[in-house]
Amino acid sequence: MPPVKAAFNVAAAGACTVFAELVLHLFGDLSADSPRTWIALYAAGLTSHFVSMFAVTGVITIVQGRIPQRVMSSTAISGLVLALVNMTVAMVVLVLWAQSVFALLLFGILGAGFVVAYRSYAGFLRQHNALTAIYELTRAIADTRYDGTLIDVLLARVRSLLSAEYASLWVPEQGRYPEVLLSAKVESLGLLDVVVTPDQLRHRVFETGETLALGSAFGESDELTELQSAGGKDAIIVPLRTGSAVIGTLEVAGRLGDTVTFVPGDVKLLEAVAAHAAVAVENSRLVDRLRYDAYHDALTGLPNRRRVTTALEESVKVRAPGEVVAVLFFDVDSLRDVNDSLGYAAGDRLIGEVATRLRSAAAPGALVGRVGGDEFVVTLRIPSAEAATSLATSLRKQLQQPLSFGTLTLDVDTAVGIVVHPDHGTDPATLLQRAELATHAAKSSANGVQLFSLGMESRSVRRLGLAGDLRRALDNNELEVYFQPKVDLRDRHLVGVECLARWEHPTHGSVAPEDFVAVAEHTGQLSRLTEAVLREGLRRAREWIDAGRPLGVAVNLSARTLLDTEFPNRVDEILREYAVSPDRLTLEITEDGFVGEEDRPLPTLRRLYELGVRLSVDDFGTGYSSLSYLRRLPVHEVKIDRSFVQGMATDAGDLAIVRAVVDISRHFGLAVVAEGVESELTLDLLAEIGCDIGQGFLFSRPLPYERLEAWLGARTDGEPTPGGEVRRLRAVG
């Protein structure tokens with residue numbers, strides 16, 4: 001407040017004068033030519049200096065707080081030296097003046113020279129200080145990590161450099177970056193979100209790209225009037241440029257001191273600083289953008305696997321009582337079908353819609369991320385695993401709302417795997433891996449939601465370890481083929497056998513077929529496995545033909561095998577190698593293998609059909625059954641899944657399904673095979689409704705070749721026919 005400062009200065013000057021006069025009074029009478037007079041004047045001058053220093057120090061302490069001792073000592077020493085120099089010069093002037101009044105002329109000339117020299121030195125010093133300040137500012141910016149502290153360092157340095165009350169940075173909103181408007185104010189410990197200059201002034205600089213300098217040193221203007229109306233005294237606003245683009249403004253306002261204002265030199269200084277600041281701000285944004293891209297998915301904007309992993313690391317460190325950290329792993333069905341049929345743009349839209357729905361449906365504290373092409377994760381703190389399962393079921397239902405693509409409506413479905421910390425793991429990698437295992441299990445569960453159990457991992461780890469062993473087993477012919485008889489239900493004669501691969505592992509013992517078939521599919525050994533079973537089956541078929549009792553052989557095919565266009569050629573070569581008629585070979589393909597990949601398997605099926613190989617739809621009724629597929633597919637028989645056959649004697653629904661399949665198959669001219677025949681009652685019902693062939697434990701379990709031969713001798717009788725000996729069952733039971 002200028003009036004208060006003026007009153008203080010007058011009072012301090014009066015006090016200094018009074019105390020100086022008191023000191024002189026103590027010395028008594030003084031003569032101009034006595035050294036005692038010099039001592040008295042020095043004493044009075046030093047007294048005046050100390051009174052002034054104590055007054056200023058006192059008022060600063062009252063208003064601003066205690067002055068640091070280091071600053072106080074430095075100021076006192078430099079002030080004392082300056083006071084002594086000033087008093088010495090004044091003493092010399094008085095002595096010469098006493099000798100002759102014309103001596104003042106000489107001092108005037110000397111003083112003018114000193115003024116010119118001092119002004120030159122002061123200009124050089126200002127320039128040197130400015131360059132030093134810019135250098136230090138540049139180093140400070142370079143040494144500042146891009147962690148959000150750049151603006152603090154920048155504005156504090158700029159405010160100090162230009163002795164301003166405010167230094168402000170403004171960067172308008174751009175894309176995903178919000179508006180930034182922050183100020184460093186003198187005596188303020190942190191940054192403020194207030195400025196003294198009106199908004200329209202910085203907007204004008206941003207739009208024109210021209211520096212705006214306001215104050216008494218730059219003349220009167222409408223902008224200065226606006227600034228003064230807002231309570232400001234002076235200001236300099238410069239644009240921040242990167243290339244030809246203006247990204248914001250840097251400004252200082254309120255030059256410290258009642259009688260000093262910003263000058264043209266300050267404009268050049270701030271423009272030089274702004275050039276460095278613009279680069280620093282742009283680099284900071286670039287680093288922020290790279291950091292964002294490194295931790296977020298480009299399509300959905302959700303956190304990616306790396307960010308989810310980092311968040312899980314933080315979550316598992318602290319666990320509140322009565323809480324678990326749940327990870328819900330969502331796998332979107334049919335993304336590949338959408339990409340293939342509607343294009344990748346439609347697939348991207350599907351993924352974006354799933355992301356939007358998960359974001360809106362998840363709890364406010366949940367982290368929603370995309371960790372793969374069609375895989376999403378929701379992680380949050382929740383009371384229990386049961387609550388996590390309930391939440392996963394709810395989220396899955398909300399995702400199932402249909403999605404429209406023009407005139408096409410697509411059902412969105414997902415499988416959800418669940419893990420919780422600490423029950424299922426203590427580190428993010430384990431939690432995510434086990435959540436993915438649970439998701440694979442959820443695909444075959446009734447409700448599409450599965451909580452992880454340790455049995456899933458042990459089986460998965462076991463399969464992984466079997467990959468190398470399976471390759472060695474195929475190289476060394478260690479896999480064995482078992483044969484299960486297939487019986488004509490009309491006259492109980494043996495029509496053939498189904499070839500089933502079995503593997504007795506030296507360490508793990510008997511390995512389930514679904515396990516080593518899955519390993520073969522994922523390690524590229526499926527074709528070798530299929531060919532090994534096919535060769536063994538046809539080799540035995542050749543032996544039975546040579547023995548005068550021909551039998552057909554059936555071999556299971558994976559759906560992936562039908563995508564191999566060279567497979568029919570290999571079948572033809574093996575048939576020729578063993579000289580077996582193609583109609584003695586039946587290839588069984590699960591219903592999903594026929595319909596799961598649109599029409600991609602059809603060329604392979606037609607080629608096999610043209611070879612004369614019999615084709616069978618295995619596990620009929622468990623997949624997406626459709627009469628149109630039976631009409632279009634080049635197949636010879638339908639094999640009813642054991643789950644219906646085993647229950648038909650006690651469940652009217654299963655009986656109705658089996659009867660319907662038999663009727664439908666007969667309508668299309670297809671033979672019907674029932675697997676899972678385990679009772680006489682089931683056998684009688686199948687014969688009654690007209691089923692052609694039966695297969696199951698009632699007749700025989702799958703047997704190795706030697707035991708099959710023994711079974712044939714013990715359980716069947718030979719009957720000569722023109723086509724060779726036919727083996728007929730003696731009795732069933």
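**Reading a predicted model, feature by feature**

Visitor: Where is Asn-477 found?

Guide: Asn-477 sits in the loop between α14 (454–475) and β14 (480–488). Bear in mind that this is a predicted model.

Visitor: Is Asn-477 buried or exposed?

Guide: Exposed. Its relative accessible area is 68%, and the cut-off for that label is over 50%.

Visitor: Which loop holds Ser-163, and what is its phi?

Guide: Look between α5 (150–161) and β1 (164–171) for the loop with Ser-163. Phi there is near 50°, again a positive value in a residue other than glycine. Ser-163 counts as partly exposed because its relative accessibility is 29%.

Visitor: And the peptide bonds: which kind joins His-421 and Pro-422?

Guide: A cis one, with omega at about 15°. Pro-422 belongs to the loop that runs between β12 (414–421) and α13 (428–442).

Visitor: Which residues line the second largest cavity?

Guide: Ser-527, Thr-530, Glu-531, Leu-534, Phe-567, Arg-570 and Ile-574. Both α16 (526–546) and α17 (567–578) supply at least two residues of that lining, with α16 giving the largest share, four residues. By class, the lining has three nonpolar, two polar and two charged residues.

Visitor: Last one, helix packing. At what angle do α2 and α3 pack?

Guide: Read the angle together with the distance between axes. Helix α2 (residues 35–64) and helix α3 (residues 69–99) pack at about 145°, their axes 10 Å apart. As for handedness, α2 passes α3 in a right-handed crossing.

Visitor: What makes the contact of α2 with α3, and how does it split by class?

Guide: From α2, the contact residues include Trp-38, Tyr-42, His-49 and Phe-50; from α3, Met-72, Gly-79, Met-87 and Val-95 are among them. The classes come out as 15 nonpolar, five polar and no charged residues.

Definitions and conventions. Residues are numbered from 1 along each chain as its sequence is written. This is a predicted model: local features need pLDDT of at least 70, side-chain atom pairs count only at pLDDT 80 or more; totals for chains, interfaces and linings use all residues. Side-chain values use heavy atoms; hydrogens and water are left out. Axes are lines fitted to C-alpha atoms, for helices over the stretch in contact, and angles run from 0 to 180 degrees between N-to-C directions. A crossing is left-handed if the near helix is turned anticlockwise from the far one by less than a right angle, and right-handed if clockwise. Contact means heavy atoms within 4.5 Å. Ala, Val, Leu, Ile, Met, Phe, Trp, Tyr, Cys and Pro count as nonpolar, Asp, Glu, Lys and Arg as charged, and the others, Gly among them, as polar. On a 1 Å grid over the protein atoms alone, a cavity is a set of points where a 1.4 Å probe fits but cannot get out, and a pocket is an open set with protein on both sides within 12 Å along at least five of seven lines; lining residues have an atom within 4 Å of a point. Buried means under 20% relative accessible area, exposed over 50%, partly exposed in between (1.4 Å probe, protein chains only).
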